[in-house]
Amino acid sequence: TYKAFAIVDYVLEYNATHPNDALRGFQYDVEPYLLSSYETNKGPILTRFVQLIDETTTRLGTAPIRFGVVIPHFYDDAQAWTPAITYNGTTQHTFNHLLSILDRRAGSTIILMSYRNFSEGNNGTIQISQVEVTQANGHATKVIVGQETGNVDPAYVTYYGLTKAYYLEQVGIVQNAFKTNTGFGGIAVHYVEPFLELR
């Protein structure tokens, strides 16, 4: 956590001394499910993650800076890949804790790693994002649907090697599917370099 808080301190100090080119926001991409102990210790690890986001939100205070958190698509109550956890007396899934915490900051976002290279059908981007986007309706925090373009495995999670026209077509389908949801905050791409290389 000291690294995360060092980022917060840096951002706050930088903005205090650089008012004309202040940072507008920052995000955490913390992936606790990659820890070797995660599978046998999900509850406590996810609780610490939620605590980190809560403490960061508090540390930011009233500073006019946006805060985003990147998460996988399986922290919700529908996937059943993670347990409900109790934090500050409330028991719910990690995604719902994050929504409540981030709602305290204007402009907060949750970037959902909905990495698929097809939008519709079973296990497509829309299906694995639906719960989060819907549950964010009525919240100040917006859910941004992330898409992958890097050279990663397995192939079905990335648009790498596919055409930009196909990427834009699929992203358009996702945007159309969620356009009436107030919790939908748009699309993000990971990474920019391979995205620019799509032809």
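**Aromatic rings in a predicted model**

Q: Are Tyr 28 and Phe 67 buried or exposed?
A: Both Tyr 28 and Phe 67 are buried (buried is under 20% relative accessible area, exposed is over 50% and partly exposed is in between, with a 1.4 Å probe and protein chains only). This is a predicted model, in which local features need pLDDT of at least 70 and side-chain atom pairs count only at pLDDT 80 or more, while totals for chains, interfaces and linings use all residues. Residues are numbered from 1 along each chain as its sequence is written, and side-chain values use heavy atoms, leaving out hydrogens and water.

Q: OK, how many aromatic pairs are there?
A: The search of the whole structure finds 13 aromatic pairs, where rings of Phe, Tyr and Trp (its six-membered ring) pair if their centres lie within 6.5 Å, and planes under 30 degrees apart count as stacked, over 60 as edge-to-face and the rest as tilted. One of them joins Tyr 28 and Phe 67, which are edge-to-face, at 5.1 Å centre to centre with 85° between the planes.

Q: And why is the pair of Tyr 159 and Tyr 166 tilted?
A: Their ring centres are 5.9 Å apart and their planes are at 50°, so the pair of Tyr 159 and Tyr 166 counts as tilted. Tyr 159 is buried, with a relative accessible area of 0%, whereas Tyr 166 is partly exposed, with a value of 27%.

Q: Which residues do ring pairs link into a cluster?
A: Ring pairs link Tyr 33, Phe 49, Phe 74, Tyr 75 and Trp 81 into a cluster.
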